[in-house]
Amino acid sequence: MSVVTVTPTGVTPADVVAVARGSATVVLDPATIAAMETSRAIVDRIEQDGRPVYGVSTGFGALANTFIAPERRAELQHALIRSHAAGIGAPMPREVVRAMMLLRVRSLALGHSGVRPLVAQSLVDLLNHDITPWVPEHGSLGASGDLAPLAHCALALLGEGWILGKGDGTREDASVALHRAGLAPIELAAKEGLALINGTDGMLGMLLLAIGDAEHLFAMADVTAALAIEAMLGTDRPFQPELHAIRPHPGQAVSAANIHRLLQSSGIMDSHRNDLAHAVQDAYSMRCAPQVAGAARDTLGFVTSVAGRELLSIVDNPVVLPDGRVESTGNFHGAPLGFAADFLAIAAAEVGAISERRVDRLLDITRNRDLPAFLTPDAGVNSGLMIAQYTAAGIVAENRRLAAPASVDSLPTSGMQEDHVSMGWAATRKLRTVLDNLTSLLAVELLAGVRGLQLRAPLTPSPAGRAAVNAVARFAGEPGPDIFLAPALEAARAVVSGPDLRTAIESAIGPLA
């Protein structure tokens, strides 16, 4: 079992994925414990001095000017968690909640939040006992970060609220789950409730998971594009490196190199390579594949840099500075993450849109260069992949709606104290949906591309094409009478999202970028 150590510099994106999607054990580096003890001592001195400091001796949000008596400050922190755990709707997936919890541990462990080490360790204990709070999908505006989702996580530390049941998605009382694991609820001290819920951890967690998914899917988009181009007797000439050196967008060059390499050593490609009667130029959906997929790669590069900076950031409010000051900040505002998620959703939607255009071309006898209608050898009685393309078209339409930015849709809250919010939670949630939809679109193209390659027999496809045919034939067989398509499409989704096909292709032609 792997171990993720939360250090004074935080955690890495790989750490987040290991904890969110796996069962990595989380430990706190001793230096983080020392940093938390130092910042907590500053908060304790403020309490002793009786100074009015936001979140320590005052209310929250629009109630920031309300002084709280010392004997009620622990009560204040508990009331904050209960009132802010106000989400509604279906539960967020386990991986999102676990990513959010690890990132909150990271934030506390950096030593600027003024909490006792006990608080961070209690979150670690939930992770290590696989106790996942029930976090409803609606509630965060990305205002003071992800207040409601983080409050649902924090409520479990108090032995209150709900826990996500393993496997079946049911929920149970947190008190039952803690008791079963041998864990005790904690009592919060001054500032600690606020420190548990103020920050961008939910949206950052979703963005980091999305980055990993997008990296893989953009590589698989090059694979499915190459399959479709090969099946349609396209040319590999537009993907030569010198044609992309003259327009030096880095992602474009990478995607073009991938597609060019995927198309080599193909009997299908060789069959028309010197045919002067062959089409002089392929359609944009074929010829411009690297320009679209490459631009998406460059967008992903920008998003990765934003997430990397956020992973190093102090996003609490107020923050405890080493010189003893406790200062209010706006670092919890999710605009950088919201903008990045919206931008990546646009890019991913277009990668899916151009994929669907290639599928439509593959199925159309007026454009697919002598393949049978809808890729069935007996069109009329059989419909082949006709309705699979309908499904892809519907998904493209949904992705267009989801590509509309959430980050421009601010609504004021908290008596106009929080009068501009980021909607970063909404932006990252819909990004996850766009990427899931992209998986489906590439699955349709994978199935269509393989059908096209099979129908080119006895011509032999490229090594990548052969690997794809072998993978798809296991569940879709050879071209022939119509089959129940839904299971085949689900299986194709698993091939696209999983590592096996990419591994098989890379073992034949070398690594894909």
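## Helix H5

Helices here are DSSP runs of H or I with at least four residues, strands are E runs of at least two, and both are numbered from the N terminus.

This is a predicted model, in which local features need pLDDT of at least 70 and side-chain atom pairs count only at pLDDT 80 or more, while totals for chains, interfaces and linings use all residues. Residues are numbered from 1 along each chain as its sequence is written, and side-chain values use heavy atoms, leaving out hydrogens and water.

Several H5 residues are buried (under 20% relative accessible area, with a 1.4 Å probe and protein chains only), among them Pro117, Val119, Leu123 and Leu127. After H5 comes Asp130, with a positive phi near 55°.

## H1 against H4

The axes of helix H1 (residues 13-21) and helix H4 (residues 94-109) come within 8 Å and cross at roughly 130°. Axes are lines fitted to C-alpha atoms over the stretch in contact, with angles from 0 to 180 degrees between N-to-C directions. The two helices are therefore oblique to each other, the class left after under 35 degrees (roughly parallel), over 145 (roughly antiparallel) and 65 to 115 (roughly perpendicular).

On the H1 side, the contact (heavy atoms within 4.5 Å) includes Asp15, Val16 and Val19, and on the H4 side Arg94, Glu95 and Leu102. By class, H1 and H4 bring together six nonpolar, no polar and five charged residues.

## H15 against H16

Helix H15 (residues 335-363) packs on helix H16 (residues 386-402) at about 160°, with the axes 10 Å apart. That angle makes H15 roughly antiparallel to H16. Among the residues in contact are Ala349, Gly352 and Glu356 of H15, with Met386, Gln389 and Val396 of H16.

## Backbone details in the loops

Two cis peptide bonds deserve a look. One runs from Asn317 to Pro318, with omega near -5°, and Pro318 sits in the loop between helix H14 (289-310) and strand E7 (319-320). Another joins Ala457 to Pro458, with omega near 15°; Pro458 is in the loop between helix H17 (424-455) and helix H18 (463-476).

Met423, in the loop between H16 and H17, has a positive phi of about 60° although it is not a glycine. Met423 is buried, with a relative accessible area of 10%.

Conventions: Buried < 20%, exposed > 50% of the residue type's maximum accessible area, 1.4 Å probe, protein only. Nonpolar A, V, L, I, M, F, W, Y, C, P; charged D, E, K, R; others polar.
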